[in-house]
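Biologist: I'm new to this one. Can you put it on screen and walk me through it?

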Amino acid sequence: MSLRKYLTSRVFFVQALLALLFIVVLGYLLMHWLTFTTDHGNEITVPDLSKLTEEQVEEKLDELDLAYVLLDSVDYRSDYPKYSVVQQDPLPGAKVKVGRKVYIKINSSGFSSVKIPDLIEKTYREAVPTLRALGLEEGTITYIPNLGKDMVLEMRYKGRNINAGDKVLKGSKIDLVLGDGKASYEESLPTDSIASPIDEMPNEQ
């Protein structure tokens with residue numbers, strides 16, 4: 001049988017159809033094998049671990065076949081319990097595969113102490129960023145008569161005056177006493193000058 005007749009024969013079409021069917025079945029099986037080996041579609045929703053202790057995190061993730069890694073502690077935040085989760089990655093609601101690690105950061109046990117910076121004779125605009133950079137907050141602002149407008153004249157903590165170098169807990173509010181720029185002064189007149197005598201004019205009669 002010539003090649004031309006073979007290519008147009010029924011035998012060739014049957015063999016070609018069987019070969020195509022074999023490729024389709026093989027491809028189908030291959031896709032299912034890849035799905036099985038990679039757990040494709042078997043995803044887990046990451047739970048919200050916020051405010052949970054490390055023990056609670058471990059228990060909750062074990063139930064979902066997930067693991068966790070404790071990265072570090074963060075500066076104390078009063079709105080979170082001590083030693084509870086403050087940050088996590090991946091975030092709650094993310095879809096992950098079985099065995100995925102969730103990275104967490106926990107709250108410290110309390111505020112650490114910081115030294116009060118020297119803000120005297122600094123402007124209000126200079127003082128506030130300095131306080132915030134140290135983890136402190138601005139408290140009550142009071143103005144008193146002074147030529148230096150918005151200049152820091154005193155620093156107070158819980159009603160008492162404090163000085164640069166004093167220690168307070170992080171997160172404390174520092175009250176500032178500022179100048180209002182409205183103070184006036186009077187120039188003193190010289191008192192050591194001698195008045196010139198006034199010549200009396202003779203009376204003419």
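This is a predicted model: local features need pLDDT of at least 70, side-chain atom pairs count only at pLDDT 80 or more; totals for chains, interfaces and linings use all residues.

Modeller: One term before we start: buried means under 20% relative accessible area, exposed means over 50%, and partly exposed is in between.

Biologist: Where is Asp65, then?

Modeller: Asp65 sits in the loop between helix H3 (54-63) and S2. Its phi is positive, about 60 degrees, although Asp65 is not a glycine.

Biologist: Which other residue has a positive phi of about 60 degrees although it is not a glycine?

Modeller: Asp150 has one. Asp150 lies in the loop between S7 and S8. With a relative accessible area of 25%, Asp150 is partly exposed.

Biologist: Let's back up. How many helices and strands are in the protein?

Modeller: The protein has four helices and eleven strands. Of its 205 residues, 21% count as buried.

Biologist: And what share of the contacts between residues at least 6 apart join residues at least 24 apart?

Modeller: That share is 69%.

Biologist: Take Val25. Which helix is it in?

Modeller: Val25 is in helix H2, residues 10-38. Val25 is partly exposed, at a relative accessible area of 43%.

Biologist: Now something from the inside. Is Gln88 buried or exposed?

Modeller: Gln88 counts as buried, because its relative accessibility is 10% and the cut-off is under 20%. Gln88 lies in strand S3, residues 85-89.

Biologist: What does the side chain of Gln88 reach?

Modeller: It reaches the backbone nitrogen of Leu49, at 2.8 Å. A polar atom of the Gln88 side chain also lies 3.1 Å from the backbone oxygen of Pro47.

Biologist: And which residues is Gln88 in contact with, leaving aside its neighbours within four places in sequence?

Modeller: Val46, Pro47, Asp48, Leu49, Ser50, Val102, Tyr103 and Ile104. Look at Asp48: Gln88 and Asp48 are 40 residues apart in sequence, but their C-alpha atoms are 8.5 Å apart in space.

Biologist: What about Ser84? Where is that one found?

Modeller: Ser84 is in the loop between strand S2 (67-74) and S3. Ser84 is buried, with a relative accessible area of 1%. Beyond its neighbours within four places in sequence, Ser84 contacts Lys51, Leu52, Lys105, Ile106 and Asn107.

Biologist: Which two residues does the cis peptide bond join?

Modeller: That bond joins Asp89 and Pro90, with omega about 5 degrees. Pro90 is in the loop between S3 and strand S4 (95-97).

Biologist: New topic: helix H4. Which of its residues are buried?

Modeller: In H4, residues 124-133, the buried ones are Ala127, Val128 and Leu131. Seen down the axis of H4, they fall within an arc of 95 degrees, so they line one face of the helix.

Biologist: What do the buried residues of H4 pack against?

Modeller: They pack against strand S7 (137-144), strand S8 (152-157) and strand S11 (173-179). The face of H4 turned away from its buried side carries the exposed residues Arg125 and Ala133. After H4 comes Gly135, whose phi is positive, near 85 degrees.

Biologist: Last topic. How many salt bridges does the structure hold?

Modeller: Four. One of them pairs Asp75 with Lys170, with the closest N and O atoms 3.3 Å apart. Asp75 is in the loop between S2 and S3, and Lys170 is in the loop between strand S10 (167-169) and S11, so the pair ties together parts 95 residues apart in sequence.

Biologist: And what does Arg132 pair with?

Modeller: Arg132 forms a salt bridge with Glu138, at 3.0 Å between the closest N and O atoms. Arg132 is exposed at 55% relative accessibility, while Glu138 is partly exposed at 23%.

How values were computed:
Residues are numbered from 1 along each chain as its sequence is written. Side-chain values use heavy atoms; hydrogens and water are left out. Helices (H or I, at least four residues) and strands (E, at least two) are DSSP runs, numbered from the N terminus. Buried means under 20% relative accessible area, exposed over 50%, partly exposed in between (1.4 Å probe, protein chains only). Contact means heavy atoms within 4.5 Å. A polar contact is a pair of N or O atoms within 3.5 Å; within protein, one must be able to donate a hydrogen and the other to accept it, and residues adjacent in sequence count only if both atoms are side-chain atoms. The arc is that of the directions from the helix axis to the C-beta atoms. A salt bridge is a side-chain nitrogen of Lys or Arg within 4 Å of a carboxyl oxygen of Asp or Glu.
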